[in-house]
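Please read the following report alongside the sequence and the model. It begins with the sheet and then turns to the helices and to single residues.

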Amino acid sequence: GVLWVAHAHMFDAFEFTPRLAITAPLKACGKSRFLEVLSLMTDNSVRSGRISPAAFVRLCGRGNLSFFLDEADMLFGKYGGDADMITALNEGWERGGNFWKCDTTTNVPTQMSVHSAVALAGISLNTKLPDTTLSRCIVINMERAKAGQLQDKYRRKRHAHKFITHGEKIKRWIHDHRQQIENHDPHIPEQVEERDED
């Protein structure tokens, strides 16, 4: 999660921006809380439990936004998902990814950038998201904590500022090392598949 936040702070410098899929087999596993904490650590974050494809595309067009979408199992399920939203998500993982829309008043086709950082949370996303979207995701599997495993419950008033501070430190580190990160050329073993390499 923290590495993804670091990436989200400078995703415009990368060729590909993987979607973060936070999933669990049932409710009350901390998915929404994790999503909230990540959004606190990320600049220019847009948090939503529901967003229309049109709103998503128009917001992406503003540039440099990170989206944190909860209950994604309801928004993008294989059998009830919105094809436009799925297309926008899939296209937007790559720098230069775009979505064409017709202007409603002039009927002139307009190209809109959808490159953005997107984190999704939902129940069983690994079975409900289309394979084309899953292949563009880093999947984090969560499970419900057992009795005694959590030392302290998250409380917004008590903890939110700590995560905001963590985010500021990550952003500062990114700023100090941006050129080094941009210039880094990782060695990827030949046996890694092309999409995974991306």
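## Sheet and surrounding helices

Strand 2 and strand 3 pair in the parallel sense over four bridges, where two strands count as paired if DSSP finds at least two bridges between them. Helices (H or I, at least four residues) and strands (E, at least two) are DSSP runs, numbered from the N terminus. The model is predicted, with local features requiring pLDDT of at least 70 and side-chain atom pairs counted only at pLDDT 80 or more, while totals for chains, interfaces and linings use all residues. Residues are numbered from 1 along each chain as its sequence is written, and side-chain values use heavy atoms, with hydrogens and water left out.

Within the pairing of these two strands, Ser48 stands opposite Leu69 in strand 3, and Arg47 has Phe68 of strand 3 as its bridge partner. Strands of a sheet pair through backbone hydrogen bonds, either parallel or antiparallel. Here, five strands form an open sheet in the order 2-3-6-1-7, and the pairing is parallel. Strand 2 and strand 7 are the edge strands, each pairing on one side only, and the twist averages 15° from one strand to the next.

In a regular strand the side chains alternate between the two faces of the sheet. In strand 3, Ser66 and Phe68 point one way and Phe67 and Leu69 the other way, and all are buried, which means under 20% relative accessible area, as against over 50% for exposed and in between for partly exposed (1.4 Å probe, protein chains only). Helix 1 lies across strand 1, strand 3 and strand 6, and runs at about 145° to strand 6; axes are lines fitted to C-alpha atoms, for helices over the stretch in contact, and angles run from 0 to 180 degrees between N-to-C directions.

Helix 2 (residues 31-40) has Lys31, Leu35, Glu36, Val37, Leu38 and Ser39 buried. The elements that cover these buried residues include helix 1 (2-9), strand 1 (19-24), strand 2 (45-48), strand 3 (66-69), strand 6 (117-123) and helix 8 (156-183), contact being defined as heavy atoms within 4.5 Å.

How do the axes of helix 2 and helix 8 cross? They come within 8 Å and cross at roughly 50°, which makes helix 2 oblique to helix 8; angles under 35 degrees count as roughly parallel, over 145 as roughly antiparallel, 65 to 115 as roughly perpendicular and the rest as oblique. Arg33, Glu36, Val37 and Leu40 in helix 2 meet Arg156, Ala160, Phe163 and Ile164 in helix 8. By class, this contact has five nonpolar, no polar and three charged residues, where Ala, Val, Leu, Ile, Met, Phe, Trp, Tyr, Cys and Pro count as nonpolar, Asp, Glu, Lys and Arg as charged, and the others, Gly among them, as polar.

| Residue | Relative accessibility | Class |
|---|---|---|
| Glu36 | 3% | buried |
| Asn90 | 11% | buried |
| Ala145 | 37% | partly exposed |

Glu36, found in helix 2, touches Arg47, Tyr154 and Arg156, not counting residues up to four places away in sequence.

Asn90 is placed in helix 5 (residues 83-91) and, leaving aside its neighbours within four places in sequence, is in contact with Thr132, Thr133 and Arg136. Ala145, by comparison, is in the loop between strand 7 (137-141) and helix 8; Ala145 and Ala28 are 117 residues apart in sequence and 8.9 Å apart in space, C-alpha to C-alpha.
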